[in-house]
Amino acid sequence: MAKPVVLVTRKLPEGVQDRLAAMFDARLNPADETWYRDGAEIVRRATETGAAGILCAAGDALNVQTIAALPPSVRILATFSVGTDHIDLAAARARGIAVANTPEVLSFATAEIAFTLMLMAARRAGEGERMVRAGAWTGWAPTQLMGVTLEGKTLGILGFGRIGRELAQMARGMRMTIHYRNRSRVAPELEQGAVYHDNDDSFLGAIDVLSMHIPGGAETRKWLDATRIAKLKRGAIVVNTGRGTTVDDEALVAALRSGHLRAAGLDVYDGEPKVYPGYMDLENVALLPHLGSATIETRDAMGARCIENLEALLIKGQEPPYRAA
Ligand code: 8YV
């Protein structure tokens, strides 16, 4: 029997590409050409190859128009991500196309980046690094680049799913107190003493550091706006490793400039790889290029999840184990 065709939109770790090539008629993108940003090009390639599956990633143009125009051969969109906001799920459902993702395996790595940003923001690590590289460091001085400690501070986790809970675990090691805001309260064994808030006002007013872990999409667009920022304590720190769309960039920049917020750390951006220009000349914001899941171990594990999803539906005729929609 001919192997099912899988259109792979991105360059993936070599071992993952090798496994895909062994199991499927994989149409790889080894040079990482950026045609995946163009929905018409995804459709053209899926049609030309008769793809049964598309292995895609965040940022791919899988909007309502693209999905409506996909050839009938396409049965599954297996995304190399936990987030699915780049895929119009209703359009996929309407076409009977399964959507599957890669949960769990990137939780620790993403929490590590949130923690990195939290420390960079609190301890002014980016500023220090820029100073040394610029040859501007004139020697140790008692008042140079003083930050704030995280010890004893209250961390507010917005979105207490797997990533948020991994971060809570790390922050306990820094003797931080954990508060969280979530759609609903989680079970005590997951909460482990974290304080649940059922409303934004009490949550925002109680915390020193806000770490955002909510999905993208219309419902969460610009969640962190000027009104909510004003409810944070003066001197608070904001970190975002979820989706850039959840932050009102203009409002965040204004608060970082005015001193209402001490610092911020961002790994994700609205319209990335474009970055809101207002951040660029601010010393008190640490900017990373969407590194959340970027460890060798995690990317291999994400590849394995994608392969399991594709294999289940296209080879074994089963439900994908990590079906998202
Ligand atoms: C992905 C992510 O690596 O999984 C997600 O939702 O944001 C990242 O960790 C990246 O988006 C590629 O799909």
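Domain bounds in these legends come from an automatic or database domain assignment. Residues are numbered from 1 along each chain as its sequence is written. This is a predicted model, in which local features need pLDDT of at least 70 and side-chain atom pairs count only at pLDDT 80 or more, while totals for chains, interfaces and linings use all residues.

**View 1. The whole protein chain and its secondary structure.** The protein chain has 12 helices and 12 strands, where helices (H or I, at least four residues) and strands (E, at least two) are DSSP runs numbered from the N terminus. Its radius of gyration, taken over C-alpha atoms, is 21 Å, close to the 20 Å that the globule rule (2.2 Å times the number of residues to the power 0.38) gives for 325 residues, so the protein chain is as compact as a globular protein of that length. Along the principal axes, the C-alpha trace spans about 70 × 50 × 30 Å. Of the 325 residues, 43% count as buried, a residue being buried if 20 or more other C-beta atoms, placed from the backbone, lie within 10 Å of its own.

View 2. The assignment gives domain 1 (5–105 + 296–315) and domain 2 (107–287), and 31 Å separate their centres, taken over C-alpha atoms. Four residues of domain 1 are in contact with seven residues of domain 2, two residues being in contact if their C-beta atoms, placed from the backbone, lie within 7 Å. The side of domain 1 that touches domain 2 has no nonpolar, two polar and two charged residues; here Ala, Val, Leu, Ile, Met, Phe, Trp, Tyr, Cys and Pro count as nonpolar, Asp, Glu, Lys and Arg as charged, and the others, Gly among them, as polar.

View 3. Five strands form an open sheet in the order 2-1-3-4-5 with parallel pairing, two strands being paired if DSSP finds at least two bridges between them. Strand 2 (25–27) and strand 5 (98–100) are the edge strands, each pairing on one side only, and the twist averages 20 degrees from one strand to the next. Helix 2 (residues 39–49) packs on the sheet, touching strand 1, strand 2 and strand 3, and its direction makes about 160 degrees with that of strand 1; axes are lines fitted to C-alpha atoms, for helices over the stretch in contact, and angles run from 0 to 180 degrees between N-to-C directions. Helix 12 (residues 296–315) lies across strand 1, strand 3, strand 4 (76–79) and strand 5, running at about 165 degrees to strand 4.

**View 4. Strand 3 and its two neighbours.** Strand 3 (residues 53–56) runs parallel to strand 1 (residues 5–8), to which three bridges join it, and four bridges join strand 3 to strand 4, again in parallel. Gly 53 stands opposite Val 6, and its bridge partner in strand 4 is Ile 76. Gly 53 and Leu 55 point one way from strand 3, whereas Ile 54 and Cys 56 point the other way, and all are buried.

View 5. Three bridges join strand 7 (residues 177–181) to strand 8 in parallel, and Val 195 in strand 8 is the bridge partner of His 179.

Definitions and conventions. Buried ≥ 20, exposed ≤ 12 C-beta atoms within 10 Å, placed from the backbone.
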